[in-house]
Amino acid sequence: MIGNMKRQLYLFLAAMLLLCLAPMPYGYFMLVRFVMMVACGWMAYQYYQRHKTVAMWVFGALAMLFQPIYKLALGRVTWNIVDVIVAIFLIILFLVERKKEKSEYVTFEALPPDRDPIDGNNKYEFSLEGKLDENELIYVASEEDKELTKLLESQPEIFEGWGQMIGFHIIYLPLLIKQLKSKEVVQYRAPYMSDAEVETAMIGNDYLLQYLEHPSDKERIKQGFIRTEDIHRGDDGKEKAINRFYPLQSNSAEPIADQLHRIGKQISMEKNQHERLIESHDDWGEDDNEDTEDLIEEVKERIAKLRQRGISQYILEQLIHPNDRLSRLVVTKEYRLLLPDYNNMEIKMEPLVKAVYLLFLKHPEGIMFKHLPNYREELMSIYSKVRPSGMTERTMQSIEDVTNPLLNSINEKCARIRGAFVGQFDDHMAKHYYIDGLRGEAKKIALPRNLVIWE
């Protein structure tokens with residue numbers, strides 16, 4: 001739909017520019033400038049989303065050329081020449097993209113009689129607890145194609161370049177761990193893993209096939225790429241991932257390059273169909289998670305820096321998914337917080353934040369925020385131990401604020417505590433260590449107290 005709109009826009013803009021050759025009123029030229037600025041800016045953004053850098057810069061430059069705020073004094077004759085050149089350029093783009101659209105029409109093989117035609121001939125249901133990232137294509141194989149494997153390993157740039165052209169990142173599972181530039185990523189997901197365990201972590205091309213909802217489908221998946229198209233709820237109440245499969249083989253009469261080109265066209269058509277289907281539904285719900293803490297957003301940014309660009313987050317999580325191997329929490333005599341079973345990791349917090357954390361750590365039953373004034377003296381006592389020489393009037397005021405349930409200070413401190421843990425390792429395990437609880441109930445630290453060691 002967007003592609004068709006863009007092609008029509010090319011002709012509309014070309015017509016407007018060519019009309020500038022006629023004796024039009026001054027207001028028309030100003031209108032043309034404004035329309036060209038908006039339209040070219042929009043097209044530059046569309047090309048940016050599709051990772052087409054050259055086209056993005058061309059239309060960005062055109063938007064700047066025609067913008068009506070700081071006008072270039074080129075003279076009527078020069079502007080007419082510019083208008084004609086740009087109009088011809090837009091007409092050529094229209095013709096090229098229309099020809100491309102016709103050539104990209106894909107015909108699918110006839111479906112087997114036992115296959116639901118609505119389901120399509122390349123849709124497979126996976127019992128994944130989530131889905132692949134939107135722009136990921138993962139190579140899978142139930143049987144080995146030696147030539148294809150060799151090509152994937154020896155010349156990955158071929159597939160990476162093709163993936164960039166169609167707006168996808170290609171993931172070859174056996175190289176997943178090797179692609180990591182730092183062990184931080186793996187150990188963020190599984191902080192209990194030693195360096196030796198990280199080095200030996202491996203995954204095969206058939207890894208995802210164990211999640212097929214219908215194991216018989218494995219016979220139809222030999223080798224190729226899969227992508228997640230949608231998530232739906234199955235009859236058993238659990239979410240299922242609908243993954244599309246695109247076969248690829250080296251011993252085909254069709255060259256690899258032609259197979260990749262055909263797959264790219266097929267993905268493009270399927271995505272457009274899916275987007276139109278989504279747009280036809282008007283039952284979208286409102287996002288009611290608008291009260292996300294700014295601090296948590298900062299934490300997410302910090303986590304994003306640990307995760308290497310281009311690595312499949314879902315696959316990485318499946319490979320070394322945390323399994324509640326909780327570490328002991330040691331509170332040293334100097335009130336340092338150490339996790340000896342997570343490679344002796346230290347959790348650092350500001351003095352008052354740490355004092356709040358230790359207060360809740362001392363109360364496994366939890367504390368309701370409305371009862372915090374009853375714990376003010378105890379919090380002061382803990383703070384005086386965490387920072388013996390730091391009790392000032394300003395500090396006392398901060399402690400009063402944090403124990404005042406009518407203020408937001410306690411929520412801010414809890415957010416910082418959560419950030420201190422989630423910034424170091426996956427929330428799947430971090431949730432056992434930070435302060436949490438349902439609204440209106442006592443907030444507590446879920447970590448079993450037999451794992452807490454006070455020196």
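A: In this predicted model, ring pairs join Tyr 139, Phe 159, Trp 162, Tyr 172 and Phe 225 into a cluster. The structure holds 15 aromatic pairs. A pair of aromatic rings is described by the distance of the centres and the angle of the planes.

Consider the pair formed by Tyr 139 and Phe 225. The centres of these two rings are 5.9 Å apart, and with 70 degrees between the planes the pair is edge-to-face.

Trp 162 is buried, as is Phe 225.

Strand β4 also contains Gln 223. Is this residue buried or exposed? Its relative accessible area is 5%, and because the limit for a buried residue is under 20%, Gln 223 counts as buried. Leaving aside neighbours within four places in sequence, Gln 223 is in contact with several residues, among them Tyr 139, Val 140 and Ala 141. Its contacts also include Glu 143, Glu 144, Asp 145 and Leu 148, as well as Phe 245, Tyr 246, Pro 247, Leu 248 and Gln 249.

Lys 362 lies over the face of Trp 454, at 4.4 Å from the ring centre. Lys 443 is placed over the face of Phe 369, at 4.9 Å from the ring centre.

The nonpolar cores come next. The largest nonpolar core has 48 residues, and Tyr 357, Phe 421 and Phe 425 are those with the most contacts inside it. Among the elements that give two or more residues to this core are the strands β6 (329–331), β7 (337–339) and β8 (345–347), together with the helices α12 (351–361), α13 (376–386), α14 (393–402), α15 (409–422) and α16 (427–430). The largest share, nine residues, comes from α12. Not counting residues up to four places away in sequence, Phe 425 touches Tyr 188, Pro 191, Leu 339, Tyr 342, Met 345, Ile 347, Ala 430 and Tyr 433. Apart from this core lies another, of 28 residues, including Val 32, Phe 66, Leu 90 and Phe 94.

Helix α16 also contains Asp 427. This residue has 27% relative accessibility and counts as partly exposed, because that class lies between the 20% limit for buried and the 50% limit for exposed. Asp 427 touches Arg 418, Val 422 and Tyr 434, again not counting residues up to four places away in sequence. Asp 427 and Tyr 188 are 239 residues apart in sequence, yet their C-alpha atoms are 9.6 Å apart in space.

Most residues other than glycine have a negative phi. Tyr 335, in the loop between β6 and β7, has a positive phi of about 65 degrees although it is not a glycine. Asn 343, in the loop between β7 and β8, likewise is not a glycine and has a positive phi of about 55 degrees. Asn 343 is partly exposed, with a relative accessible area of 46%.

As for cysteines, a disulfide is a covalent bond between the sulfur atoms of two cysteines. The count of disulfides here comes to zero. Cys 40 is buried, with a relative accessible area of 0%, and Cys 414 also counts as buried, at 11% relative accessibility.

Finally, the whole chain gives the setting for these parts. The chain has 16 helices and 11 strands. Of its 455 residues, 43% count as buried. Among contacts between residues at least 6 apart in sequence, 67% join residues at least 24 apart. The accessible surface of the chain comes to about 26,000 Å², and 54% of this belongs to carbon and sulfur atoms.

Definitions and conventions
Residues are numbered from 1 along each chain as its sequence is written. This is a predicted model: local features need pLDDT of at least 70, side-chain atom pairs count only at pLDDT 80 or more; totals for chains, interfaces and linings use all residues. Side-chain values use heavy atoms; hydrogens and water are left out. Helices (H or I, at least four residues) and strands (E, at least two) are DSSP runs, numbered from the N terminus. Buried means under 20% relative accessible area, exposed over 50%, partly exposed in between (1.4 Å probe, protein chains only). Contact means heavy atoms within 4.5 Å. Accessible areas come from the Shrake-Rupley method with a 1.4 Å probe; for residues, only the protein chains shown count as cover. Rings of Phe, Tyr and Trp (its six-membered ring) pair if their centres lie within 6.5 Å; planes under 30 degrees apart count as stacked, over 60 as edge-to-face and the rest as tilted. A charge sits over a ring if NZ of Lys or CZ of Arg is within 6 Å of the ring centre and within 35 degrees of the ring normal. A nonpolar core is a set of buried Ala, Val, Leu, Ile, Met, Phe, Trp, Tyr and Cys residues joined through side-chain atoms within 4.5 Å. A disulfide is a pair of cysteine sulfur atoms within 2.5 Å.
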